[in-house]
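Subject: Structure handover

Hello,

Here is the structure I promised to pass on. My notes follow below it.

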Amino acid sequence: MANLAPEGKSYRTKTRSLWKRFCTENSIPFVELGEVDRSVLTRFVTWLVDVHRHRVTKPSWRLYRYAVAYCLDNPDLTDPLNVPGTLAKKDAGKRSTNSRQKRLNLDETAALVNWLRSHKGRWSTVTTLWLQSTLLTGLRPIEWSGAYIFYHRGAPMLAVETAKQHRSEENRDEKVVRYIPLSHLDEHEMDIITKQITAASAFAAGGQYDKAYQGVRNLLYRATLSCFPNSKQSIDLYSARHEFAANLKASSISDKALAYLMGHKTESTARNFYGRRKQRLERNIAPNLNALSGLIADDELSAISAAPDTMTSV
């Protein structure tokens, strides 16, 4: 990199953008890079190599690693960035948000699960668990890292630290936790969620969560290509989250309840952008919201438990 003329302002802008994305995806409160300790910067570099490198074209990756190396100005810290990119230009954009399938019906799920079970690869079991548990709970991929099951008044609950909730500057370190009742699920479904939490916790504790997520993402992409070769859209974990929202809408819960269970700050997000309401309910994923009594404020419980004035139609 010695022969590359530094482009200070451009490099700082690119590095800051990457840093903000890393913070968002990993539920880390945003602070400027100059205020971050080495352990977090090391995690940032690892994320760039293990996750983000596989999302961008080879020329873009080359530019990003030059920018980060220039801004961090620590060869020992940034040496892991000296690896080639993996995505050719002809493959760029194939896994964008616009190409994502925003549904995942029972037949599609069965085809993917059967393919994953026959694949016998390193990430096959993890991918199966992650996909099925997302269909049952709607969690974002990052939210499994700190999720846990507990019992409230004898009923199982899933506690989730909500990602992407915007906090005020003075409360940026405050955690936003939501609770998802699980008593409507059967024994097999509870076992899936329990195993997913165990696996996710182990990856997080070992500093391998980002790597595991990328492994799951890549394998699910391969499974989609194999099972549905003529499809113009790919299936990922957010497809399962869309399906969770669609089944909630089919159960005719209120927009406030939908926003709460999805972890959205506003009601319009899930109503307008997640999962079109189905004509019939394919999966019984609508929880008993009254089970939240004693966990959330009474006025909030009354608001989300109320019957909707009109059925969600989007």
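Buried means under 20% relative accessible area, exposed over 50%, and partly exposed in between (1.4 Å probe, protein chains only). This is a predicted model, where local features need pLDDT of at least 70, side-chain atom pairs count only at pLDDT 80 or more, and totals for chains, interfaces and linings use all residues. Residues are numbered from 1 along each chain as its sequence is written, and side-chain values use heavy atoms, with hydrogens and water left out.

Aromatic pairs: the whole structure has eleven. Rings of Phe, Tyr and Trp (its six-membered ring) pair if their centres lie within 6.5 Å; planes under 30 degrees apart are stacked, over 60 edge-to-face, the rest tilted. Trp130 and Tyr213 form a tilted pair, with centres 6.0 Å apart and planes at 50°. Trp130 is in helix H6 (residues 124-137) and Tyr213 in helix H8 (residues 209-227), so the pair ties together parts 83 residues apart in sequence. Helices here are DSSP runs of H or I, at least four residues; strands are runs of E, at least two; both are numbered from the N terminus. Trp130 is buried, at 2% relative accessible area. Tyr213 is buried too, at 17%.

Tyr148 and Phe150 make another tilted pair: 6.0 Å between centres, 45° between planes. Tyr148 is partly exposed, at 45%. Ring pairs also link Trp19, Phe22, Phe44 and Trp47 into a cluster.

Cysteines: the disulfide count is zero, taking a disulfide as two cysteine sulfur atoms within 2.5 Å. Cys71 is partly exposed at 28%, and Cys227 is partly exposed at 24%.

Best wishes
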